[in-house]
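Here is a short briefing to read alongside the model.

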Amino acid sequence: MGTTSATQHATDSGPDKDRDSGGRLGRIARSPLGWMLAGMAGVGLVSALTATGPGPVPVLGAAAAVAVYWWVMRRVARRSTPEIARSGAGREALLGGGIGLGFILVSALLITAFGGYSFSWAGDGFLSVVWTAVVVQVGAAVTEELLFRGLALQALEQLWGSRAAIVITSLFFGVAHLGAQGASLWSGLAIAVEAGVLLGAAFLWRRSIWFVVGLHFAWNTTEQLLGIPVSGHTPEGLFTVDVHGSALLTGGSFGLEASVVPVLIGAALAVPMLVLARRNGRVRTRRDARC
């Protein structure tokens, strides 16, 4: 037993093993931070080149981003990718989409009931507006979820556990939106809670990128079609919205995400998702991460 262990140790740690594994550079690339940064560079580049492209370019970019993600995870991180499995992808996307749709409709309805919003038909071409919203938001939802939940959350989770991963990715998600029009410290905090925590909890619960993509896509698309600014951006929608009253209720020029209403609803949705994730054994502790 001692001889076998010593021989195995020598085999695993010798120069041939280092050479086969790419040496120090290979070990750095295969570390959680290494493959996270490699994946972010690849997916981020695809997003930058395709996000605002004409016609179906954002959707094609989303497909390319998934391919880059798969390659980095399989070839660099050397791990399987059940989170992007095709089996059950449609079901997960529809389930997430239903939650995202309900989340935004309930939030907008409550703000309207309190006198914050009033809507009127914009009168623009229905099909062209819907088509543009769908292709743009597919690209945004897929690439952002690959970056924040697929790469960042899973890498940080492997290092420090699920709780730390959600906190860190949520803060980064909020900071990433501070450059938008009408952004403030409050809007950044609101995005961190209602989007960062909610989407992180959703991923831990289902362990499916397609679930959080569906939620994210329905959220942004519904906002856009209602004419509500999406994180400070005001793309063309089917309606125009007049805003009345306190920015704490309406979100002001930043849009619905800076309203206290979706912050509270998002937190209320995130809590049971985290409970279910923990009950199903899908939450990693810091001790698990070290193992």
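**Briefing: fold, pocket and charged pairs**

This is a predicted model, in which local features need pLDDT of at least 70 and side-chain atom pairs count only at pLDDT 80 or more, while totals for chains, interfaces and linings use all residues. Residues are numbered from 1 along each chain as its sequence is written, and side-chain values use heavy atoms, with hydrogens and water left out. The protein has 13 helices and 2 strands, where helices (H or I, at least four residues) and strands (E, at least two) are DSSP runs numbered from the N terminus.

**Overall shape**

- With a radius of gyration of 21 Å, close to the 19 Å that the globule rule gives for 291 residues, the protein is as compact as a globular protein of that length. The radius is taken over C-alpha atoms, and the rule is 2.2 Å times the number of residues to the power 0.38.
- Along the principal axes, the C-alpha atoms fill a box of roughly 80 × 40 × 35 Å.
- Buried residues account for 45% of the 291 residues; here buried means under 20% relative accessible area, exposed over 50%, and partly exposed in between (1.4 Å probe, protein chains only).
- Of the contacts (heavy atoms within 4.5 Å) between residues at least 6 apart in sequence, 75% join residues at least 24 apart.

**The largest pocket**

- The largest pocket has a volume of about 750 Å³. A pocket is found on a 1 Å grid over the protein atoms alone, as an open set of points where a 1.4 Å probe fits, with protein on both sides within 12 Å along at least five of seven lines. Grid points are joined across faces, edges and corners, and the volume is the space filled by probe spheres set on the points.
- Its lining, meaning residues with an atom within 4 Å of a point, holds 35 residues, and Ala140, Glu144, Asn220, Val230 and His233 lie nearest the centre.
- Two or more lining residues come from each of helix H4 (32-50), helix H5 (57-76), H7, helix H8 (162-176), H9 and H10. H7 gives the most, with 10 residues.
- By type, the lining divides into 16 nonpolar, 16 polar and 3 charged residues. In this scheme Ala, Val, Leu, Ile, Met, Phe, Trp, Tyr, Cys and Pro are nonpolar, Asp, Glu, Lys and Arg are charged, and the others, Gly among them, are polar.

**Salt bridges**

- Side chains of opposite charge can pair when their charged atoms come close. A search of the whole structure finds 4 salt bridges, each a side-chain nitrogen of Lys or Arg within 4 Å of a carboxyl oxygen of Asp or Glu.
- Arg206 pairs with Glu92, their closest N and O atoms being 2.8 Å apart. Because Arg206 lies in helix H9 (residues 185-206) and Glu92 in helix H6 (residues 89-113), the pair ties together parts that are 114 residues apart in sequence. Arg206 is partly exposed at 25% relative accessible area, whereas Glu92 is buried at 9%.
- Arg207 and Glu157 meet in another salt bridge, at 2.6 Å from N to O. This pair links distant parts of the chain, with Arg207 in the loop between H9 and helix H10 (209-226) and Glu157 in helix H7 (residues 126-160), 50 residues apart. Glu157 is buried at 3% relative accessibility.
- Arg79 bridges to Glu83, with the closest N and O atoms 3.2 Å apart. Arg79 is partly exposed at 23% relative accessibility, while Glu83 is buried at 2%.

**Residues to look at**

- Most residues other than glycine have a negative phi. Arg207, however, has a positive phi near 55° and is partly exposed, at 22% relative accessible area.
- Ser231 also has a positive phi, of about 50°. Ser231 sits in the loop between H10 and strand E2 (239-243) and is buried, at 9%.
- Pro262 belongs to helix H12 (residues 260-279) and is buried at 1% relative accessibility. The C-alpha atoms of Pro262 and Phe103 are separated by 7.6 Å, although the two residues are 159 apart along the chain.
- Thr222 is found in helix H10 and is buried at 11%. Leaving out residues up to four places away in sequence, Thr222 touches Leu101, Ile104 and Leu105.
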